[in-house]
Amino acid sequence: MRNLINRPRRLRRGESIRALVRETRLTVDDFIYPLFVCEGEGIRREIGPMPGQYHLSIDELVKEVSEARKLGVRSVILFGLPKEKDAHGSDAFAEQGIVQRAIRALKQEVNDLIVIADNCLCEYTDHGHCGVVKDNDVLNDPTLDLLAKAAVVQAKAGADIIAPSNMMDGFVEAIREALDENGFEHIPILSYAVKYASGFYGPFREAAGSTPQFGDRRSYQMDPANRREAMREAMLDIDEGADMLMVKPALAYLDVLKELRERSDLPLAAYQVSGEYAMIKAAARLGWLDENRIMWETLTAIKRAGADLILTYYAKEAARQL
Ligand code: PBG
């Protein structure tokens, strides 16, 4: 027997002692459940590359959210598939737009629910870009006016939190101003402050039909190579009045999340995006990974890196197991 003083294994000798010294724990309050709402009735259409996730008509959405709520999930974020798309993404800021109707239904039918409104144009524009397009360029300031309009309409419909996601410069300030002018000074802004131009959004774009019809999003979303720029984006959003910040995607950007945790005291969210979910699902289907272990391992990693909140398509499943 060697005379080893340091034996870390002493604290790993059984589940009870491991639980005693566990540093990171997930709770159901950490999760935000993203959902896709479409027109029609009785529709529950599985999204090909996102097994277990669906296009839901409003009536089915209410059922899905009620179920999730019963399992303890308290927050959802909505994405809309409008009847019609146009150059300005009008459905995003129409009083009767798909998401606005969905918000009203959820607030009426489900108790104690936080409804977060994703604030962007790409699901509603026929060209698939997140803003107003002119001569193949995505215009910044004219887009801000539309986002501000959408935020007010979302708040009127009953949204509890507005989450601007399109990465135009000044979007937090524009939305804050519009909300305040319309009596919504109490509505918080969760800014997608650090959003990378990522291949991990692939399945979402198929789900939302929001693939850009020309070019890509690199002139507004961030270069995956940049970490300092992420801090700059976040600090600007804090100055503009963001109440919470998001990093997106999650797993490939944990270093960014960790640094932001050290630099800001605001609540931080991380989005485990469609591609992260799809990779796990696909490998599990092939029998190459144990889905459940990977679900918990990735969610734990995201929280350990500094996220207070996690947007995840696994919200309901994880809640079921907690
Ligand atoms: C843009 C938006 C995107 C996602 C949510 N909101 C992606 C994009 O830039 O196309 C992606 C979410 C996911 O991949 O799960 N409004």
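**Close-up views of a predicted model**

**View 1. Span and end of helix 7 (residues 228–240).** The helix comprises 13 residues, and the distance from its first C-alpha to its last is 19 Å. This value is close to the 18 Å expected at 1.5 Å a residue. Gly241 follows helix 7 and has a positive phi, near 110°.

**View 2. The largest nonpolar core.** This core contains 115 residues, and Leu78, Leu106 and Val194 have the most contacts inside it. Helix 4 (residues 141–157) contributes the largest share of the core, namely nine residues.

**View 3. Contacts of Leu78.** When residues up to four places away in sequence are not counted, Leu78 touches Leu35, Leu61, Val99, Ala102, Ile103, Leu106, Val115, Ile116 and Asp118. Among these partners, Leu106 is also named with Leu78 and Val194 as having the most contacts inside the largest nonpolar core.

**View 4. A nonpolar patch on the surface, formed by Leu11, Leu20 and Val21.** Together, the three residues present about 290 Å² of accessible area. Leu11 lies in the segment before helix 1 (15–20). Leu11 counts as partly exposed because its relative accessibility is 43%, which falls between the limits of 20% for buried and 50% for exposed residues.

Methods
Residues numbered from 1 in each chain as written. Predicted model: local features only at pLDDT ≥ 70, side-chain atom pairs only at ≥ 80, totals over all residues. Heavy atoms only, no water. Patch = residues over 30% accessible without salt bridge, like charges linked within 9 Å, V, L, I, M, F, W, Y side chains within 5 Å. Areas by Shrake-Rupley, 256 points an atom, 1.4 Å probe, with all protein chains shown as cover. Salt bridge = Lys/Arg side-chain N within 4 Å of Asp/Glu carboxyl O. Helix = DSSP H or I, 4+ residues; strand = E, 2+ residues; numbered from the N terminus. Buried < 20%, exposed > 50% of the residue type's maximum accessible area, 1.4 Å probe, protein only. Core = buried A, V, L, I, M, F, W, Y, C linked by side-chain atoms within 4.5 Å. Contact = heavy atoms within 4.5 Å. Expected span 1.5 Å × (residues − 1).
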